[in-house]
Amino acid sequence: MRTGMLFFLLIPLLGCIYTGWHVWRILPFAAVWKWMVVVAMLMCFLQMFINYAIGLDRMPMSLARVLYAIGTSSLIILLYFFMLFVVMDLGRLFRLIPASFMHDSVAGSLTVAGIMLAVFIYGNVHYYNKVRVPINIETGKLASPIRLAMISDLHLGYHNTRRDLAKWVDMLNKENVDAILIAGDIVDIDVSPLIEENMAEEFKRLNAPVYACLGNHDYLAGEPNSEKFYQESGIQLLRDSYAVVDSQLVIIGRDDRTNRQRKSIAQLMNALAREQGKSATIILDHQPYHLEEAEQAGVDFQFSGHTHYGQVWPISWIEDMIYECAFGAHQRGNTRYYVSSGLGIWGGKFRIGTQSEYIIATVE
């Protein structure tokens, strides 16, 4: 574990050194100004770790939001600086880019700044475009169709505010669904911003019953605190338990993988069979690991989140290597799945090569 953490920290540190060196070389400034720029970039990167060490909940909300945005956004910005300089180095190696373009260069500096600005303006605008994804879930077990809204990974907190949540609530209310399912991570890293802005009142405006399971960030924020917020918001939290929608569809909420003592899907389905018989079943399981468990237990549909599909390319490629299904629709045997990239986001509000989404499902 300790070795893994050191390796995790070493990669961005090496990226900082590589990027800092190229920034120093390309800027057409005197040394003192170059030092100021490089040190400022380094401090922005370190800000995320400083935030965790100091605790944002100890700061005024306006300051905490700025520091959160700087610290988390810098990781993504560093990644794209790194990739851009790698491409430029390859271009120089193959003599497609002159060496002078990357050393004390006004043109090179303006080109890098322009590309980065364009990429992150696009990423921010694209994040706010919430994609509506319609799906049909055919079980053959329902007397009449049921419409559901499914969302995950709201990550409400210092960056996703009550104003954002209010827009999402209005968006969902227009769908006139029978129920709303949330596959975990309503809370980001701390419930303090949610309490200070009284976000529970926004959830109470939803015009359909809400069922949810916990996610790893709900545990990160303090599981008792998150559970209390769910209750105050009128959300029915399902922790290895179930609820019935319209007397014919069973929604099972599985506790997050963070809880090593949680029940298996087979245990949940066996208990359900004794009480409900052969009902149509949807399971909420925040982290989409071991998808074969739902198939083996005879679940009709599983909805998960957690991956964000990497939030930005090319992290989405890494997600594809980690999970059997990191994003979108999937099927194993008679069991169907959907892994959502999330309605909200962790950290900087950028979506590059991924989408913010909500799912409208018709269950039949």
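Close-up 1. Leaving aside neighbours within four places in sequence, Gln302 is in contact (heavy atoms within 4.5 Å) with Ile265, Ile283, Asp285, Leu291, Ala294, Arg336, Tyr337 and Tyr338. With a relative accessible area of 2%, Gln302 is buried, where buried means under 20%, exposed over 50% and partly exposed in between (1.4 Å probe, protein chains only). This is a predicted model in which local features need pLDDT of at least 70 and side-chain atom pairs count only at pLDDT 80 or more, while totals for chains, interfaces and linings use all residues. Residues are numbered from 1 along each chain as its sequence is written, and side-chain values use heavy atoms, with hydrogens and water left out.

**Close-up 2. Tyr337 in strand 11.** Strand 11 spans residues 335-339. Tyr337 counts as buried because its relative accessibility is 3%. Not counting residues up to four places away in sequence, Tyr337 touches Leu291, Glu292, Ala294, Glu295, Phe301, Gln302, Gly328, Ala329, His330, Gln331 and Arg332. A polar atom of the Tyr337 side chain lies 3.4 Å from the backbone nitrogen of Glu295. Gly55 is 282 residues from Tyr337 along the chain, and the C-alpha atoms of the two are separated by 37 Å.

**Close-up 3. Crossing of helix 2 and helix 3.** The axes of helix 2 (residues 31-54) and helix 3 (residues 61-93) come within 7 Å and cross at roughly 130°. Helix 2 is therefore oblique to helix 3: angles under 35 degrees count as roughly parallel, over 145 as roughly antiparallel, 65 to 115 as roughly perpendicular and the rest as oblique. Axes are lines fitted to C-alpha atoms, for helices over the stretch in contact, and angles run from 0 to 180 degrees between N-to-C directions. The crossing is left-handed, meaning that the near helix is turned anticlockwise from the far one by less than a right angle; clockwise would be right-handed. From helix 2, Met41, Cys44, Phe45, Gln47, Met48 and Asn51 meet Leu67, Tyr68, Ile70, Gly71, Thr72, Ser74, Leu75, Leu78 and Phe81 of helix 3. By class, this contact has 10 nonpolar, 5 polar and no charged residues; Ala, Val, Leu, Ile, Met, Phe, Trp, Tyr, Cys and Pro count as nonpolar, Asp, Glu, Lys and Arg as charged, and the others, Gly among them, as polar.

**Close-up 4. Packing of helix 3 and helix 4.** Helix 4 comprises residues 106-128, and its axis is 11 Å from that of helix 3, at an angle of about 135°. The two helices are therefore oblique to each other. Helix 3 passes helix 4 in a right-handed crossing. Ile76, Ile77, Tyr80, Phe81, Leu84, Phe85 and Met88 in helix 3 meet Val112, Ile115, Met116, Val119 and Phe120 in helix 4. The contact has 12 nonpolar, no polar and no charged residues.

**Close-up 5. Backbone geometry at Asp153, His290 and Pro314.** Most residues other than glycine have a negative phi, and most peptide bonds are trans. Asp153, in the loop between strand 2 (146-151) and helix 5 (162-173), has a positive phi of about 55°. Asp153 is buried, with a relative accessible area of 0%. His290 also has a positive phi, of about 50°, and lies in the loop between strand 8 (280-284) and helix 11 (292-297). At 47% relative accessible area, His290 is partly exposed. A cis peptide bond with omega of about 10° joins Trp313 and Pro314. Pro314 is placed in the loop between strand 9 and helix 12 (315-322).

Note on methods:
Helix = DSSP H or I, 4+ residues; strand = E, 2+ residues; numbered from the N terminus. Polar contact = N/O pair within 3.5 Å; in protein donor to acceptor, adjacent residues only side chain to side chain.
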